[in-house]
Amino acid sequence: MADVIVAEGLTKSYGKQRGVIDLAFSVAPGEVFGYLGPNGAGKTTTIRTLLDFIRPTSGRVTVFGLDSRTGSVDIHRRTGYLPGELALYEKMTGAEYLAYFASLRDGVDWAYVGELAERLDLRLGMRIRSLSHGNRQKVGLVQAFMHRPELLVLDEPTSGLDPLVQREFHRLVAQVRGEGRTVFLSSHVMTEVERLCDRVGIIREGRLVTVEDVGDLKARAMRTLDIHFARPVPADAFANLPGVQDVEVQGELVHLTVAGHLDAVVKAAARYEVVDITSHEPNLEEIFLTFYGGDEDDGG
Amino acid sequence: MAAEAIPSSPMLHTVFTKTIRDQRRALMWWGLGFVGTVFMYSAFWPTIRSNAGQFNDYIAKLPEAVRNLIGGDYGTPRGYIQAEMFSLLTPVLLLVYAIGAGARAIAGEEEGGTLDLLLSAPIRRRRVMLDKFWAMVGAAFLLAFVTWAAIVVIGRPYGLTVSMLDLSAAVVNLFLLGAAFGSIALAVGGATGNRGMAIGVTSGLALITFIVKTLASSVPVMKPLRFLSPFYYYADHRPLATGFNAVDIAVLAGISVVALVAALVAFERRDLSA
């Protein structure tokens, strides 16, 4: 089957501001594609070009084989969208809002709307004005999923959702994927992308740094560990282990960074009495610097 | 399952009906405002009529520009309605409403951040623009009609009666004047996404063209410029005395059409702000 999304040399410039530069990637049917990058990297710009809210400076992007500009109405019919900066009509209730968008889509299965609302624990009768950020996000999610679109384009979908709802959202995505539908989701959180996606495109400063399978990415995933021992350990206890770098030993405290499997570190640590191990997710910038090399320019 | 009933309001079906629905409360208050204005001036009429001589003497002493602005004769219902209702107050009120509605139509949604999601539905930008246009025009028509009905119904017991046809002509011009400036605001908002700019530019334009028309009627050098002002077509053929005028209707409606076309073209082409 043909790819659902194909970007070719996609460039959007905004004068001085950074847009996106020469993006090329494709998303296969049935795939969950993660679009990972720090805030301001160009994720939203890419998504808004895909949906024809903004137009490419050069290059093009096709969705379902249709040009984003000339085929936008057909693309929109088959796509569900959740914006990164969600704004809803404050005076409406959730139900009214969804009924309006259902009408604009020539009707949806209202029983399914009720089911989605229930799964996300959303009360549809409340005025949007009175909803919390998380509950608004749920209205946005129901709106994106309710017509069972072939493609879901979700910009930072889990921002503001509490962990229980996030888990339900993950199930929804898995279900969509199980039905052979396609998901394009952006995030600035590595773990979320690791959990949900098949492949990941990493964008930084408007450029696509790499596209890889999540499995490969995980194999090289970086973690920072703080290990607290009962007694001071030798300064060289963790030297020369595979994948380990930046080792700092201060008495009974050891701080180090590991890429890939933790096996060697755990075995080395096991030689001493371990009180506690804390693992930290490195931020995206650190991942970029380690994996893909820094950028010389100072724009950060 | 705590299934909510499907909200079946027909007002949620299209961008047009939803935009009217959003305005339902505001329109009620605006309508009451127009009715109240008509009521107030109607209630003064019996007093004014019995002192018409004094008023006309007073008006005769005013500078010509101001006299033209008022443009009426306080001795007759027609002159009184023209002077008190149609020379300044109702057009200003309707312009304020229409310019606000036109500016809000696209630019308001864009600044509020709701436009992205609206356009993510399978609906063309020009469809959204046309629906917003008709909602603004429909609301302006409604308010003009309310004014017409108020004058007919409330004016009568106070002896304030004019030809229904001539009154209709004046109200149609009022409506078309509102729609024209509303359309200009829609176009500026649609082209820029900036609601404040749409209100500012259009109000400025209304003020300037109003001044041009007023000056043109008293300063001979400026006389040819009056054709450039929508207010000339609104008032100068005295619809309350002479009835419908095809040129007035064509020019005022033409302004709306040209503005709408510009709005459609500009909105279709540009990037929406995030």
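## Cores, helices and a chain contact

Student: What makes A:V142, A:F184, B:A98, B:M136 and B:A140 stand out in the largest nonpolar core?

Tutor: Of the 139 residues in that core, these five touch the most other members. A nonpolar core is a set of buried Ala, Val, Leu, Ile, Met, Phe, Trp, Tyr and Cys residues joined through C-beta atoms within 7 Å, and helix α9 (residues 164-192) of chain B gives the most to this core, with 17 residues. This is a predicted model, in which local features need pLDDT of at least 70 and side-chain atom pairs count only at pLDDT 80 or more, while totals for chains, interfaces and linings use all residues. Residues are numbered from 1 along each chain as its sequence is written, and chains are lettered from A and ligands numbered from 1 in the order in which they are written.

Student: How do you know which residues B:A140 is in contact with?

Tutor: Two residues are in contact if their C-beta atoms, placed from the backbone, lie within 7 Å. Leaving aside neighbours within four places in sequence, B:A140 meets this rule with B:L94, B:Y97, B:A98, B:F175, B:G178, B:A179 and B:G182.

Student: Why is α5(A) called mostly covered?

Tutor: A residue is buried if 20 or more other C-beta atoms lie within 10 Å of its own, exposed if 12 or fewer, and partly exposed in between. In α5(A), 11 of the 13 residues are buried, so the helix is called mostly covered. Among the buried ones are A:V139, A:L141 and A:V142, and the buried residues pack against elements of chain A that include β6 (79-82) and α6 (163-178). Helix α1 (residues 43-50) of chain A is also mostly covered, with 8 of its 8 residues buried.

Student: What makes up the side of chain B that touches chain A?

Tutor: In all, 23 residues of chain B are in contact with 28 residues of chain A. Those of chain B divide into 13 nonpolar, 5 polar and 5 charged, where Ala, Val, Leu, Ile, Met, Phe, Trp, Tyr, Cys and Pro count as nonpolar, Asp, Glu, Lys and Arg as charged, and the others, Gly among them, as polar.

Definitions and conventions. Helix = DSSP H or I, 4+ residues; strand = E, 2+ residues; numbered from the N terminus.
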